[in-house]
Amino acid sequence: MNTKGITQICRPNFRYEDTYHFPTPRPKRGHIEALVIFDNVRVPKERVFMLREWQFAQYVAYAFAAFHRYTAVTYKIPIIEYMTGLGMIAAEANGVQKASHVREQFINMIKYTETTKALAKAALMDPENFGETGLFVANRLSSNMAKLFFASNFHEFVRDIQDICGGLLVTQPTYQDWEHAELKPYLERYLGGAGKYTAEERLKLMSMLHHLVASDFAGWHEVCTIHAEGSFAAQKMMMMAEAPIEMYKEQAKKIVGLSV
Ligand SMILES: Cc1cc2nc3c(=O)[nH]c(=O)nc-3n(C[C@H](O)[C@H](O)[C@H](O)COP(=O)(O)OP(=O)(O)OC[C@H]3O[C@@H](n4cnc5c(N)ncnc54)[C@H](O)[C@@H]3O)c2cc1C
């Protein structure tokens, strides 16, 4: 990081711990984006992976993508697990968890989360010896399918959570209002939760959900889902390159009796 010639232009992280949101144990921190500039930087020899070996440039980029696509989908799994949980308890706090259309949304959320997990697990369980190097990578076809499935369906997943939460997601009073001695009794009375949820618990939940699906961070998250680790087209190109297309065609020819 301190090497001469390196400049990092950092974009600040989105704060959750501000005066508007209810304090929660997590998140403790977010991550920071940086544009890293290398201007005449001396790279020690042990860090040089390729020197004038342009023939391998595509191969190295391909190897990077093989790992990166897999990490893309696996680091998202805990996030969509807790977002599914938040959507479900938001329904309870709103008292709508038994409505048939809300249960349908629960099913969508489960389907999305568990299919993403199953595809990531399939990639891990079927590793490949990358270029016969002895370096194993998660299965590239399954990794790319997992990332494409995850990225293609995230916005619908968020939409279901937004629908379950109601407009309170964006009209909720802030934590400052909650802390205000005169206002608090009104909030306790008029924004009480259903069942065992108090007004404070319901608002705390909505505050976290505001951060996750209705804030500038939520927009960042949607874009990150699409573009981080490669856009949709990148995964589709990899699927065309990695799928056993010849095998599909051979099977079809056998069925029809073609010898072309
Ligand atoms: C939150 C976040 C974190 C990231 N972290 C990292 C990181 O840690 N390390 C890192 O190296 N990168 C990182 N990236 C960069 C990421 O890999 C790229 O954003 C991603 O590959 C998409 O490339 P792009 O942004 O240049 O968009 P583009 O590739 O320009 O995509 C925009 C559109 O153009 C289309 N397109 C692109 N090329 C062509 C073409 N030749 N013909 C036709 N259509 C085309 C795409 O399909 C897409 O529809 C991160 C990105 C985000 C959003």
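Modeller: Start with the order of elements. Along the sequence, this predicted model runs β-β-α-α-β-β-α-α-α-α-α-α-α-α. That makes 10 helices and 4 strands in the chain. The radius of gyration is 24 Å, well over the 18 Å that the globule rule gives for 260 residues, so the chain is more spread out than a compact globule. Its C-alpha trace spans about 75 × 65 × 25 Å along the principal axes.

Now the pair itself. Helix 1 covers residues 57–94, and helix 2 covers residues 100–125. Their axes lie 10 Å apart and pack at an angle of about 160°. Angles over 145 degrees count as roughly antiparallel, and helix 1 and helix 2 are therefore roughly antiparallel to each other. Their crossing is left-handed.

Which residues make the contact? Helix 1 supplies Tyr70, Val73, Thr74, Ile77, Ile80, Glu81, Thr84, Gly87, Met88 and Ala91. Helix 2 answers with Val102, Phe106, Met109, Ile110, Tyr112, Thr113, Thr116, Lys117, Ala120 and Ala123. By class, the contact of helix 1 with helix 2 has 13 nonpolar, 5 polar and 2 charged residues. Glu81 of helix 1 and Lys117 of helix 2 are among the contact residues.

One more site, for context: the ligand. Val223, Cys224, His227, Ala228, Glu229, Gly230, Ser231 and Ala233 surround it. Helix 8, residues 216–227, gives the most to this shell, with 3 residues. The shell has 4 nonpolar, 3 polar and 1 charged residues.

Definitions and conventions
Residues are numbered from 1 along each chain as its sequence is written. This is a predicted model: local features need pLDDT of at least 70, side-chain atom pairs count only at pLDDT 80 or more; totals for chains, interfaces and linings use all residues. A residue is near a molecule or strand if its C-beta atom, placed from the backbone, lies within 6 Å of it. Helices (H or I, at least four residues) and strands (E, at least two) are DSSP runs, numbered from the N terminus. Ala, Val, Leu, Ile, Met, Phe, Trp, Tyr, Cys and Pro count as nonpolar, Asp, Glu, Lys and Arg as charged, and the others, Gly among them, as polar. Axes are lines fitted to C-alpha atoms, for helices over the stretch in contact, and angles run from 0 to 180 degrees between N-to-C directions. Angles under 35 degrees count as roughly parallel, over 145 as roughly antiparallel, 65 to 115 as roughly perpendicular and the rest as oblique. A crossing is left-handed if the near helix is turned anticlockwise from the far one by less than a right angle, and right-handed if clockwise. Two residues are in contact if their C-beta atoms, placed from the backbone, lie within 7 Å. The radius of gyration is taken over C-alpha atoms; the globule rule is 2.2 Å times the number of residues to the power 0.38.
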